[in-house]
Amino acid sequence: MAWIRREDQEDRELRWLGPFGLPSRAAGGRRLAEAEDPLRTAFQRDRDRVLHATAFRRLQHKTQVVAAFEGDHYRSRMTHSLEVAQMARSVARALRCNEDLAEAIALAHDLGHPPFGHVGEEALDEAMQGHGGFRHNAQGTRIVDYLEDRYGHGHGLNLTLALRRSLLKGRVPAGFPLSPDLSNRGPVPVEAQIVDLCDRIAYLSHDLDDGLRAGLFAEQDAATLRLWQQAGAAAGADNRQRIVSEVTSLLIHDLVESADAALAAASASGPCPRLQQGGTMAVMAQELLEFLRQNFYRSPRVLAVMHDGARRIRALFARLCAAPDQLPATAQKRLDQDGRERVVCDYIAGMTDRFLLRATADLDR
Ligand code: MG
């Protein structure tokens, strides 16, 4: 029996992918030219590099919403990223888009998050005013392009252009140090849209689960949501976990159907259409998001942990800027090139929640 080579997989992609799926032969190249792998396509190789990155392992100890130290069963950013990858693979496959690219984007989509979630992100952005600001998406590309230096060639993980562009969604602060080839915002593959939508489905579902688990709201409260009611009816049960899992299924199936309709209606030679949930589901998903904002993301218990984290980030930032000789040697080496504030920002952004707590333990005294 003949083994399946990379070229065979690339040929299979061409037969299998729909008009908007991005073949790995069109991955756009790497900044540093490398020989192709005999087994893996360019996107499979990207995915494996992300999986083996230090920044990926750190996601295990970064807060999604409930700080990791409050219990072992809540989602961390790593479990979140794995759930997004699972959903994005399923959706990409169903839509005849590139499953490997979707998986790679999903695994990498949260690499740039600092400790303590969005409140931590705001604290760093504030500290970096006048020095190029901070935002997790832009930081994600900085990590894969530069900070993950395991190969020592200065190009980070040396990922494909298609994947790097896919990570750079949303606003980039003026003056943020991006790799020059990303400053021109080219077309973003449809797989990036799929991951974005699956990211939302993943957190809506698992935050509903985690919020209930943490006792921040009760099932009776969740039962006021139309999406919960519909999921309960579809599951034919009042078992919480079955309902939460049904919420995920409803959102995923709706996404596949409405995205498929949008892709089918678009001209194959034209630009990629914007994918979204169907109208009714979009309204119900928004209702769930508002519910989570009020009862979970902005609950006093969650905010207290987040604000304590932000306070630590501010204090540590000021301390390290005043005494950069306290930075680890690998960070000190970058001081001349990147400037003091950016090096301190990169260092703090890379920290896990618990590392930051340890580094600022003196603040508790
Ligand atoms: Mg996410």
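Predicted model: local features only at pLDDT ≥ 70, side-chain atom pairs only at ≥ 80, totals over all residues.
The protein chain is divided so that domain 1 covers residues 41-297, while domain 2 covers residues 302-364. What I would like to go through this morning is the place where these two parts touch.

How many residues does the contact take from each domain? Domain 1 gives 33 residues to the contact, and domain 2 gives 26 residues. The size of an interface is often given as the accessible area lost when the parts come together. Here, domain 1 and domain 2 bury about 2600 Å² between them, and 67% of that area is on carbon and sulfur atoms.

Let me turn now to the polar side of the interface. Across the interface of domain 1 and domain 2 there are 13 residue pairs in polar contact, counting pairs in which both residues have pLDDT 80 or more. Between the two domains there are also two salt bridges. In a salt bridge between Arg-142 and Asp-346, the closest N and O atoms are 2.7 Å apart.

Which elements give two or more residues to the side of domain 1 that touches domain 2? They are helix H6 (117-127), helix H7 (136-147) and helix H13 (279-297), and H6 provides the largest share of that side, with six residues.

Technical notes. Residues numbered from 1 in each chain as written. Heavy atoms only, no water. Domains from an automatic or database assignment. Contact = heavy atoms within 4.5 Å. Buried area = accessible area lost by both parts, 1.4 Å probe. Salt bridge = Lys/Arg side-chain N within 4 Å of Asp/Glu carboxyl O. Polar contact = N/O pair within 3.5 Å; in protein donor to acceptor, adjacent residues only side chain to side chain. Helix = DSSP H or I, 4+ residues; strand = E, 2+ residues; numbered from the N terminus.
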